[in-house]
Amino acid sequence: MDTFKEYNLDLPQEKRMIIDGRIEKRALGFLLDLLLVYIVLLAPLTELFSSPPQGLTNAYSYVTSLSPGLLTIISATTGLVLVLYFSLFEHYLGYTPGMRIVGLQTYTISFPQAVIRNLFLVPILPLSLLFILELYYLIRYKQRFTEYFSNTKTIEVLTYSTTS
Amino acid sequence: MARQKKSTRKSSQQQEIPVSIKPRRNSLFTTIAIIVFLLLLVSLISGCTSLLLPESKTGNVALIPLYGVISPASSSGTFEQETVDSGAVIEMIREADANDQIGVIVIDINSGGGTPVASAEIARAVKDAEKPTIAWVRDLGASGAYWVASASDTIVAHELSTTGSIGVTGSYLEFSGLLDDYNVTYNRQVSGYYKDMGSPYKDMTPSEERIYKNMLDKMHELFIEDVAENRNMSVEQLRDLADGRVYLGIEAKENGLVDVLGSQQEVRSIAKEHIGEDVEFRDYKPQKNIFSIFPCLSKDFARNIGEGIGSQLGQERISSNQPRI
């Protein structure tokens with residue numbers, strides 16, 4: 001340790017700059033998260049489908065043929081898992097795996113705030129209608145509607161070096 | 001005012017958001033914990049949902065499952081073999097027979113048999129049904145399950161289905177030698193000489209063996225007689241086939257134990273011939289109560305995860321422990 005004290009190192013200082021999360025990054029991070037949720041978390045739900053439709057053309061008729069009870073359970077479970085996934089990660093870590101990959105994060109937020117900002121993911125009316133507002137706010141204000149409502153933001157922390 | 005509001009929203013620095021950022025850290029443990037928690041949650045929900053959902057009330061062909069070991073009572077515990085309750089199956093057959101919307105009853109079989117009485121009871125219920133019945137043998141329809149199948153009007157099996165096994169077994173493990181090795185004595189206290197016949201802690205005497213063998217032979221004879229009657233075969237003809245061996249579907253067809261080789265397509269065509277209209281299956285399932293949920297929580301958890309993820313990754317679904325090709 002003493003050896004280093006002999007030198008007066010003029011090392012560059014790391015600085016941070018916070019900017020709003022860019023839309024393309026947010027979209028990519030969101031898609032990555034959805035992919036992870038679909039493959040890993042929602043996979044067990046396939047047990048409920050006795051004979052899943054082959055191809056998208058049959059999907060609509062298949063879904064409408066399901067019993068209302070089953071549809072409600074699948075919708076509610078999907079919504080619950082999505083909201084919990086995003087809320088738990090954002091509350092405990094400040095980012096989801098998808099956000100981490102693209103370099104995004106949130107400010108420190110409480111769990112209720114995290115839940116509110118992700119309510120638009122519940123595929124049950126009227127919450128699913130929030131998706132339209134979310135897009136509008138995101139494009140116009142770079143902040144989703146539920147983010148504005150919950151007083152939270154998705155940000156990028158850019159680091160750069162400078163000499164002092 | 002609106003413009004002012006818009007301008008105030010443009011910069012994140014001007015917003016009243018608590019500027020506190022969680023430091024980046026090794027988050028592997030938290031990530032795994034959250035994923036595992038959510039996996040548990042989804043598995044529990046999906047594992048038990050199928051039990052709680054009401055049956056579909058449409059369809060003109062009843063599809064009644066006969067999966068697992070046929071017994072007088074069902075069990076679906078974590079470490080127990082899956083069993084099918086004969087009473088529940090009989091109830092479903094009677095309900096389908098009494099239902100005006102149902103034209104044909106299909107027994108969907110994937111079972112290696114079970115207890116003689118339970119198998120015979122289901123076979124009787126199938127035989128008593130007034131509506132046309134079809135036994136659809138999947139991977140396995142042997143022994144007691146074949147007895148049930150034989151009672152139907154038509155048996156459809158795949159070429160590779162395992163069927164037959166017309167015989168009775170009463171084999172059991174005997175520990176008397178092991179007890180001797182450890183100097184443990186079986187203290188026999190009975191009133192009635194044959195009361196502890198079949199006890200695993202002692203050797204069978206020759207007279208006990210005779211009685212036991214006689215009992216199995218009688219069961220076998222009744223089994224043969226009933227199947228022969230169901231299949232319109234002579235007892236002698238069937239006895240040649242009923243040495244307990246299993247037959248592939250293709251062999252069973254050659255020997256007259258199966259009527260049609262095929263699978264769902266063939267079942268549909270036969271059912272269509274009976275009802276004269278397009279076939280829509282109505283799935284029957286045993287009535288479950290709230291207590292049925294608890295065993296399934298642990299039982300279905302791991303299976304659902306493995307099966308679900310496997311199917312998503314394009315692997316074959318795991319549905320049976322039968323040999324697979």
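The structure is a predicted model, in which local features require pLDDT of at least 70 and side-chain atom pairs count only at pLDDT 80 or more, while totals for chains, interfaces and linings use all residues. Residues are numbered from 1 along each chain as its sequence is written, chains are lettered from A and ligands numbered from 1 in the order in which they are written, and side-chain values use heavy atoms, with hydrogens and water left out.

Y201(B) lies in the loop between α6 (176–181) and α7 of chain B. Helices (H or I, at least four residues) and strands (E, at least two) are DSSP runs, numbered from the N terminus. Together with L173(B), F175(B), L178(B), Y182(B) and V184(B), Y201(B) makes a nonpolar surface patch of about 650 Å². Patches consist of residues with over 30% relative accessible area and no salt bridge, like charges being joined within 9 Å and nonpolar side chains (Val, Leu, Ile, Met, Phe, Trp, Tyr) within 5 Å.

Chain B contains eleven helices and ten strands. Of its 325 residues, 41% are buried. The accessible surface of chain B comes to about 18,700 Å², and carbon and sulfur atoms account for 54% of this area; accessible areas come from the Shrake-Rupley method with a 1.4 Å probe, and for residues only the protein chains shown count as cover. Where residues of chain B at least 6 apart in sequence are in contact (heavy atoms within 4.5 Å), 70% of these contacts join residues at least 24 apart.

Helix α7 of chain B, residues 206–230, has 25 residues and reaches 36 Å from its first C-alpha to its last, close to the 36 Å expected at 1.5 Å a residue. The expected span is 1.5 Å times one less than the number of residues in the helix. Buried residues of α7(B) include S207(B), Y212(B), L216(B), F223(B) and V227(B). Their cover includes α4 (116–128), α5 (144–150) and α8 (235–241) of chain B. Just after α7(B), N232(B) adopts a positive phi of about 55 degrees.

In soluble globular proteins, nonpolar side chains tend to be buried together. A nonpolar core is here a set of buried Ala, Val, Leu, Ile, Met, Phe, Trp, Tyr and Cys residues joined through side-chain atoms within 4.5 Å. The largest such core has 44 residues, and those with the most contacts inside it are I64(B), L66(B), I93(B), I107(B), I122(B), I166(B) and L238(B). Neighbours within four places in sequence aside, I93(B) is in contact with I64(B), I105(B), I107(B), I122(B), A125(B), V126(B) and A129(B). Apart from this core lies another, of 28 residues, among them Y85(A), L104(A), L121(A) and F145(A).

Chain A has eight helices and three strands, which follow one another along the sequence in the pattern α-β-α-α-α-α-β-α-α-α-β. Of its 164 residues, 40% count as buried. Chain A exposes about 9,200 Å², of which carbon and sulfur atoms supply 67%. Among contacts in chain A between residues at least 6 apart in sequence, 71% join residues at least 24 apart.

In chain A, E147(A) and R117(A) form a salt bridge at 3.1 Å, N to O. This pair links distant parts of the chain, 30 residues apart, with E147(A) in helix α8 (residues 145–150) and R117(A) in helix α6 (residues 111–117) of chain A. E147(A) is buried at a relative accessible area of 0%, and R117(A) is buried at 1%. A further salt bridge joins E134(A) to R144(A), with the closest N and O atoms 2.6 Å apart. Here helix α7 (residues 130–141) of chain A, which holds E134(A), is linked to the loop between α7 and α8 of chain A, which holds R144(A), the two residues being ten residues apart. Both E134(A) and R144(A) are buried.

In chain B, R231(B) forms a salt bridge with D259(B), the closest N and O atoms being 2.9 Å apart. R231(B) is in the loop between α7 and α8 of chain B, and D259(B), 28 residues apart from it, is in the loop between α9 (249–254) and β9 (260–261) of chain B. R231(B) is buried, with a relative accessible area of 11%, whereas D259(B) counts as partly exposed at 30% relative accessibility. Salt bridges that share partners also join R26(A), E90(A), R117(A), E134(A), R144(A) and E147(A) into one network.

How values were computed: Buried means under 20% relative accessible area, exposed over 50%, partly exposed in between (1.4 Å probe, protein chains only). A salt bridge is a side-chain nitrogen of Lys or Arg within 4 Å of a carboxyl oxygen of Asp or Glu.
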